[in-house]
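Visitor: Could you walk me through how to read this one, feature by feature? I'd like the general idea each time, then the case at hand.

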Amino acid sequence: MALNFFDQFMTPIYMGIPLITLATLMPRLTFLQPTSQWTTSRFSTLQSQLLNSSTYQLFAPLSPKSHHWALLIVSLMIFLITINLLGLLPYTFTPTTQLSFNMAFALPAWLATVIIGLRTQPTHAFAHLLPESTPPLLIPILIIIETISLLIRPLALGVRLTANLTAGHLLIQLISTAMFTMIHTIPLMAMLTGTLLLLLSILEIAVAMIQAYVFVLLLSLYLQENM
Amino acid sequence: GLVQASRGLHTSSQCLAPMPPMPEHGGKVRHGIFPEELFQLLYPKTGVTECSNITFSLFYMLGTGLLVYLLSKEIYVINHETYAGLAMLSVIVYGVKKFGPQVAAYADQLNDEKLAKAQVVKDLTLNSMTESIENEKKEQWRTEGRSLLFDAKRNNVAMLLETNYRERLHMVTNEVKRRLDYHVALQNLKRRMEQEHMINWVEMSVVSTISPQPEKESITKCISDLKALAKTSQAKATV
């Protein structure tokens with residue numbers, strides 16, 4: 001059975017119909033529409049509590065001008081969390097394993113923060129290229145390094161998310177394949193591998209949520225720098 | 001019931017009914033996914049006995065048969081993803097069983113806090129309303145005694161007036177008496193002075209008419225008279 005482990009990352013097409021749109025939009029169905037009820041159901045209460053607390057945590061250190069970005073950033077976070085978590089189930093496709101998908105979020109958002117910074121407070125934005133109290137000898141080198149680090153941010157954002165999720169999915173596939181192969185020959189090893197698989201699943205759930213939060217946190221930090 | 005705020009007033013026939021009250025508990029489920037009503041669909045047709053729950057339940061038969069069919073015909077192939085799915089499923093089930101009640105309690109606590117805040121406002125309003133009702137009743141009771149109050153006040157005022165009047169009357173009497181006393185004293189003084197003057201004048205004229213000789217004779221006569229009187233009075237005293 002020539003199994004290619006990267007087949008799970010192929011864009012899903014079923015009988016010629018590309019399903020990528022469905023795969024991207026379906027996680028939206030897992031969260032509830034806000035109701036006009038005053039005391040809501042448990043799920044709805046928890047969802048609003050999650051949204052409110054994460055909005056507050058992300059935007060508390062930011063200036064009030066940047067609170068216009070709240071809707072974009074928090075909805076991006078919820079989007080990424082649901083996509084990542086649903087991708088952990090078997091036989092699913094995770095759009096965030098595609099670099100193009102993640103770069104499409106990272107690059108425009110990062111570029112927007114940089115342009116805002118250069119337009120509204122250019123001196124302050126350029127001042128970020130040099131950390132405080134550096135020895136005068138190092139200043140030219142440091143500016144070059146900081147510029148490179150600034151320009152590499154979108155790539156870092158996108159690749160971080162892609163790499164984490166891809167690696168996680170690959171690991172799950174590999175370990176479950178090992179377990180599947182060994183269960184008829186060495187069941188004991190297969191059980192140990194099964195335990196490893198359990199722990200890995202817990203890790204992957206954590207990573208899925210943390211990576212989405214980190215993506216959005218870094219964006220808010222770039223925003224804080226520039227606005 | 002609560003009326004939807006999105007509906008205008010009397011613009012069309014009502015399509016959003018008043019919201020029904022929320023149920024106390026969620027729907028009962030079996031094995032976390034299948035609603036209990038599913039298993040009770042055929043009870044009217046097949047009847048219910050004590051073993052109709054699991055052993056001969058039609059949906060359990062259907063489920064088992066379906067699963068065995070899918071596996072034996074290899075419509076569902078067991079591969080590595082089965083094990084990945086089993087691992088993920090066990091993690092999910094463990095998480096739900098262990099943390100489910102806590103999370104539900106937290107959600108309930110959030111809702112209860114919201115309700116409690118509103119309840120505080122409601123209680124405060126109710127209390128203030130009851131207090132104002134009692135105050136109003138007290139005021140009404142107070143107005144009943146209004147006439148007594150006015151009578152007392154009227155009496156007070158009348159007494160004050162009376163007292164004032166009597167004071168002034170006394171003052172007038174005293175003043176008049178003073179003036180009359182003055183006149184009386186004046187008359188008495190005048191009379192006394194006239195008497196004294198007359199007495200002096202009489203004494204003077206008598207003294208001027210008395211010569212020394214008749215004066216001596218009259219004095220000796222007086223003394224002898226006095227002695228005789230003394231003897232008679234002594235005699236009377238001893239008797």
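Visitor: What are the helix and strand percentages over residues 196–223 of chain A?

Guide: Helices are DSSP runs of H or I with at least four residues, strands are runs of E with at least two, and both are numbered from the N terminus. In this predicted model, residues 196–223 of chain A are 100% helix and 0% strand, with the end C-alpha atoms 40 Å apart. Residues 69–89 of chain A come to 81% helix and 0% strand, and there the end C-alpha atoms are 32 Å apart. A UniProt record (unreviewed entry) lists both stretches as "transmembrane region", along with 12–31, 101–118, 138–158 and 170–190 of chain A. UniProt positions follow the numbering used here, feature names are shortened, and annotations may be inferred rather than shown by experiment.

Visitor: Which ground rules apply to numbering and confidence?

Guide: Residues count from 1 along each chain as its sequence is written, while chains are lettered from A and ligands numbered from 1 in the order written. Because the model is predicted, local features need pLDDT of at least 70 and side-chain atom pairs 80 or more, though totals for chains, interfaces and linings use all residues, and side-chain values use heavy atoms, leaving out hydrogens and water.

Visitor: How many helices and strands does chain A have?

Guide: Chain A has 7 helices and 2 strands, in the order β-β-α-α-α-α-α-α-α from the N terminus.

Visitor: At what angle do H3(A) and H7(A) pack?

Guide: Axes are lines fitted to C-alpha atoms, for helices over the stretch in contact, and angles between N-to-C directions run from 0 to 180 degrees. Under 35 degrees is roughly parallel, over 145 roughly antiparallel, 65 to 115 roughly perpendicular, and the rest oblique. Helix H3 (residues 70–86) and helix H7 (residues 187–226) of chain A pack at about 160°, axes 8 Å apart, which makes H3(A) roughly antiparallel to H7(A). Contact means heavy atoms within 4.5 Å; the contributors include Leu76(A) and Leu80(A) from H3(A), and Met209(A) and Val216(A) from H7(A). As for classes, Ala, Val, Leu, Ile, Met, Phe, Trp, Tyr, Cys and Pro are nonpolar, Asp, Glu, Lys and Arg charged, and the others, Gly among them, polar. The contact of H3(A) with H7(A) has 15 nonpolar, 2 polar and no charged residues.

Visitor: How does H2(A) sit against H3(A), and against H4(B)?

Guide: Helix H2 (residues 42–59) of chain A crosses H3(A) at roughly 125°, the axes coming within 10 Å, so the two are oblique. Among the residues that meet are Leu51(A) in H2(A) and Val74(A) in H3(A), and the classes are 9 nonpolar, 2 polar and no charged. With helix H4 (residues 80–144) of chain B, H2(A) crosses at roughly 80° with axes within 9 Å, so that pair is roughly perpendicular. Arg42(A) of H2(A) and Asp108(B) of H4(B) are among the residues there, in a contact of 6 nonpolar, 3 polar and 2 charged.

Visitor: How many aromatic pairs are there over all chains?

Guide: Rings of Phe, Tyr and Trp (its six-membered ring) pair if their centres lie within 6.5 Å; planes under 30 degrees apart are stacked, over 60 edge-to-face, and the rest tilted. That gives 8 aromatic pairs over all chains. Phe79(A) and Phe105(A) have ring centres 5.6 Å apart and planes at 70°, so they are edge-to-face. Phe79(A) lies in H3 and Phe105(A) in H4 (residues 99–120) of chain A, 26 residues apart.
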